[in-house]
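Keep the 3D view open as you read.

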Amino acid sequence: MDTIRLYLHSMRMLIRSQLQYPISFFLQTLAQLVMEGGEMLAVILLVDRFEHLNQWGAGDLYFFFGLMSVTFYLTECFGRGITGNFPYLVRTGQLDTFLVRPRGVLTQVMCSAVDPRRITCIAVGGAALIIGSGMAAIEWTAAKVLLMAEAILCGSILILGLFMIEAIFCIYSVKSIELVNALTYGGRSACEYPIDTYPRPLRVLFTVFAPFALTLHVPGAWILGKPLFGWPEWAVWVSPVSGIVFFWVIWGCFQKAMRHYRSTGS
Amino acid sequence: MSYICVRDLEKRFVIREKRKKGALLREKKTVRALQEVSFDVDQGELLGYIGPNGAGKSTTVKILSGILTPDGGEVTVGGRVPWQERKEHVRQIGVVFGQRTQLWWDVPIRDSYDLLKDIYRISPEDYRTRLAELTEALQLGDLMRTPLRQLSLGQRMRAELCGSLLHRPELLFLDEPTIGLDAVSKLGLREFLQWENKQQGTTILLTTHDMEDIVALCPRVMVLGHGQKLFDGSLAALLGRYDTIRTVTVSYEEAEAAPELPSGIPVSREGKNLTITYSPDEYATAEMIARLQAAGTVRELTVQPQNIDRLVAAMYREMDL
C-alpha cells in the first residue's frame, strides 16, 4: 500500500516535471500517434489485401494487434523506469543513489520514470481492440473481460522481464542492446499477429523463451472463440502466468548479478 | 565495540583489457582495490579520508554504504553488515556524492524533499521540524521553489546536503563535497558540517582532495594509497613527519641590510625584501628571526610553514603513490 502511494507520488512529480517543457511534450505525443498509426495501417492494408490469415479473419487480426499494442504501451508508459532507464542506471552508476535508500531497487526503478506520451499509442491499440471486437462479434462475458485483464497484466510483466535482461548484461559491462531489442521490440512487432502464422523456430522462440504466445495469444484466441493448440479452458487461465514466472526468473538473475555490480567512478 | 568496525577489508576488481590480436580474446587483470584495510570509528567522530585518485577511497565508502559487496574481511556499522542488511542499514546513513545528484532535476527542491519524506517514511511532524532546522542552517529558504537545474553549484550542494540529512542519519558519507565550490560556499559548507557534527552528533566520514577541508574539519585523518591504509591519526602528527621547510619573508626599511646567516641557507633578494628558506629541524625559527632583526630595521616579517598541498604531495611521493 505504502509502495503504491510512493509510486503515485513519484508519477505525479515526474509528469509535472515533463510538463515543464509543454511544446516538446505535445509534439512527442503526436509523433507517437503517427508511429503507432503506421503500425496499425500495416494491419489494415494486410486485411484489405488478404481478408484472412490462416483461420484468422479481419476482426481477429485487429483484436490481436490491439491486445499487443495496449499491453506493450501500457508497460512502456507505466514501467518506463524498467523499459527505458534501467540499463542506463546500471551503466552510469546512478543505481548507487537507489542502493543507499531504504526501499527495494525494483520499486525505485519503477518510480524513476513514466512516459505519458505513450497515451496515443495506447489509444490506437484500444481502438483496434474495439474495432476487432465488433468485427469478430465477440460476445463479452465477465470471464472474458477478466481473462483479458489477466492477459494484459501478465503480458506487461513479461515485457518488463524482457527489458530487464539488458540491465543484467550492463552489470557485466556488455553492450547487448541489439540482441535484447530483438526480443522486446522484435517480439512486439512479431506478436501483433497470432503465433501460428509463423514458422517453427519463431513459434518456439515466442512461446517457450519469450512467451508472448502464452500470455497474449492463448487467452486472446479463447476470447475470440478459436482456442489455440486445442487447449482446455483451465489451461487458458494458467497459460498467461508464464509471464510472471519469466519475470521472476529474470529478477532472480538480476539479484544474483548485483553481487558483481561495480558502480562507477568516484 | 566501536560504531564502524572494519577488519581486513578486501576488494578486487577484474579489468578486461583488449589484446591486440583477436578482438574476442581479452586479457583479464585483477586489481586489488583494497588490501587488508582495518580501522575503527566511534560515534560522533569527524573523520577525513584522503589519498590520491584511485587509492580506494570511494570503494571503501561504497562498501560501508552497502552499494558494493567486498571480497573479504568484516565490516559492521552500528552492528549491521551493510551489504547484508541493506535496507535497515541505509535508513541510518546519508550519502552525498560530490558529482552525482540524488534529487530530481526538473522539479523544485521542496518537491524532491517531499518525495524523500515518503521514501524514508518520515513522520509529518519529524519532517516539518527537521526541514525547518536544515532550511535555516543551510539558508535554503529562498530556493525551496526553484528547480534543481537552476541552482548554482554551491546552492546545489547545500540542497543535496539537506536531502541526505532529512531522515536524521547517524552517519553521513561525503564524497568530495567541496569540489568546484567558490570560497564563500566552501566556508559555509564547512561551518554547516561542524554544526551538524556537534549539534546533532552525526558521525561524518569525508573524502576529499582539498586539504583545507581536512585542516578546518577533521581532528583525525586517514591516508589510503594503492588500496592500503598508510596512516591513521591526527593531522598534526601526519604533517609533522613531512614538515621540513620554513619560508621567512622580511622587508627592511633600508636597502643595504645584510643579515648574517649560517652558510648554506638560500637567500633571494628583491630590493628591500629578503626571502630565506631553512629546515626547522636544523635551525630554530626564533634564532633566525633574531639574526634577521639584528641586520636592520624590520618593517614586516612573515614565517610560513610549507604549503599543505606540497606537504601532501611530498608525502604521497615518499609513500610511492
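## Chain A at a glance

Of the 266 residues in chain A, 45% count as buried; a residue is buried if 20 or more other C-beta atoms lie within 10 Å of its own, exposed if 12 or fewer, and partly exposed in between, with C-beta atoms placed from the backbone. This is a predicted model, in which local features need pLDDT of at least 70 and side-chain atom pairs count only at pLDDT 80 or more, while totals for chains, interfaces and linings use all residues. Residues are numbered from 1 along each chain as its sequence is written, and chains are lettered from A and ligands numbered from 1 in the order in which they are written.

Chain A holds 13 helices and two strands; these are DSSP runs numbered from the N terminus, with helices being H or I of at least four residues and strands E of at least two. Its radius of gyration is 19 Å, close to the 18 Å that the globule rule gives for 266 residues, so chain A is as compact as a globular protein of that length. That radius is taken over C-alpha atoms, and the rule is 2.2 Å times the number of residues to the power 0.38. Along the principal axes, the C-alpha atoms of chain A fill a box of roughly 60 × 40 × 35 Å. Among contacts in chain A with a separation of 6 or more, 79% come from residues 24 or more positions apart; a contact means that two C-beta atoms, placed from the backbone, lie within 7 Å.

## Nonpolar cores

The largest nonpolar core has 135 residues, of which A:L61 and A:M164 touch the most other members. Such a core is a set of buried Ala, Val, Leu, Ile, Met, Phe, Trp, Tyr and Cys residues joined through C-beta atoms within 7 Å. Helix α8(A) gives the most to this core, with 17 residues. Leaving aside residues up to four places away in sequence, A:L61 touches A:V43, A:V47, A:L53, A:W56 and A:Y193. Another core, of seven residues, lies apart from it and includes B:I276, B:Y278, B:M288 and B:L292.

## Where the chains meet

The contact takes 19 residues from chain A and 26 from chain B. On the side of chain A that touches chain B, α1 (2–18) and α5 (95–99) of chain A are the elements that give two or more residues. The largest share, seven residues, comes from α1(A).

## A strand inside chain B

Now look at β8 (residues 220–225) of chain B: five of its six residues are buried, so this strand is largely enclosed by the rest of the structure. It pairs in the parallel sense with β3 (residues 46–50) of chain B over four bridges; pairing requires that DSSP finds at least two bridges. In β8(B), B:V221 stands opposite B:G48.

Six bridges join β8(B) to the antiparallel strand β9 (residues 228–234) of chain B, where B:K229 stands opposite B:L224. These two strands form a hairpin with two residues between them, and B:H226 in the turn has a positive phi of about 50°.

Most residues other than glycine have a negative phi. A:A137, though not a glycine, has a positive phi of about 50°. A:A137 sits in the loop between α7 (119–135) and α8 (142–171) of chain A and is exposed, with 9 other C-beta atoms within 10 Å.

B:R168 also has a positive phi of about 50° without being a glycine. B:R168 lies in the loop between α5 (153–165) and β6 (171–175) of chain B, and counts as partly exposed with 15 C-beta neighbours inside 10 Å.
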